[in-house]
Amino acid sequence: MSRLADAAKQAGRSPDSVQLVAISKKQPDERIDAMLATGQRVFGENRVQEAQGRWAERRNQYSDLELRLVGPLQTNKAEDAVALFDVIETLDRDKLAAHLAKAMDKLGRRPRLYVQVNTGEEAQKAGVTPAETLSFVDRCRREFGLQIEGLMCIPPVEEPAALHFALLARLADEAGLNKLSMGMSADYELAARLGATSVRVGSALFGARPNPA
Ligand SMILES: *Cc1c(COP(=O)(O)O)cnc(C)c1O
C-alpha cells in the first residue's frame, strides 16, 4: 500500500499517521494467511459470527492482532463483539451504547469505540445523523460512561466522497475527537489527504470478494 503512504505524504502527513485496516470479510483463508505473512496485523470485519469463525484461532497464533468491527451491530451480539473485537466502529444508538457498556463491565474488556455517522442521511444506512452526532457522543460519555475514540462514515456511493470526509472531520473536531475512520478501496487516497487516521480497504488489497452477497 505504497499509494496510501504517498497520499499521506502529499498532504504533509507522516505515512504512519494513517492506519491501513484490511477488510477481510468474505475473503478465503489463503488470502488471509498471505496477508498475515506480509506483516499486516489490523483487520476489519462486518459480521460478528463470520469474524469469530475466521479469527478465533488465528487470534491465539498472532498476539499482536487488532480486529475491528465495521458492520452494523445488533444488541444481542454486543457481548460477543466486546469479547472478540479490539475496536468497534459502528456505535450509533443509545440502546447499543447501553448494551456495550454492560458487556464491557461484565467481561472486563473495553474495546475502543467509534461513532458511525450517516453523513449522507441515507435511509438504508446505519449511523447517527450529522445533527445528532455531538449530542450522541456526549451521551455516550456522560450517560453510558463510554470513551469514544473517533468517528466513522461510509459516504453515499453516488456522491463525491470529499464532502462527506470533510463533514466527518469537522464533526470530529467539534466533538474533540481526533480519529477518523474513512475511505475504502475506491477513495482511500482521497480520505488520507483529507485527514483519515484509518482507511478500510478490502478488494483493492485482497482482490474482489469471491462470493458477493
Ligand atoms: C466492505 C467494507 C469495506 C471495504 O470495502 P472495499 O470496497 O472492498 O474496500 C469498508 N468499510 C466497510 C464498512 C465495509 O463494509
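1. In this note, Ala, Val, Leu, Ile, Met, Phe, Trp, Tyr, Cys and Pro count as nonpolar, Asp, Glu, Lys and Arg as charged, and the others, Gly among them, as polar. The model under discussion is a predicted one.

2. With those classes, the lining of the largest pocket comprises seven nonpolar, seven polar and four charged residues. The lining amounts to 18 residues, and those nearest the centre of the pocket are Lys25, Asn46, Val70, Ile154 and Met184. The volume of the largest pocket is about 350 Å³.

3. Where does the ligand sit? The ligand is placed in the largest pocket. Its surroundings consist of Ile23, Lys25, Val70, Ile154, Met184, Ser185, Arg200, Val201, Gly202, Ser203 and Arg209. Sorted by class, this shell holds five nonpolar, three polar and three charged residues.

4. How much of the accessible area of the ligand does the protein cover? On its own the ligand has 390 Å² of accessible area, and the protein covers 88% of it.

Note on methods:
Residues numbered from 1 in each chain as written. Predicted model: local features only at pLDDT ≥ 70, side-chain atom pairs only at ≥ 80, totals over all residues. Heavy atoms only, no water. Near = heavy atom within 4 Å. Areas by Shrake-Rupley, 256 points an atom, 1.4 Å probe, with all protein chains shown as cover. 1 Å grid on protein atoms, 1.4 Å probe; cavity = no way out; pocket = protein on both sides within 12 Å on 5 of 7 lines; lining within 4 Å. Sits in = over half its atoms within 2 Å of the grid points. Points joined across faces, edges and corners; volume = space filled by probe spheres on them.
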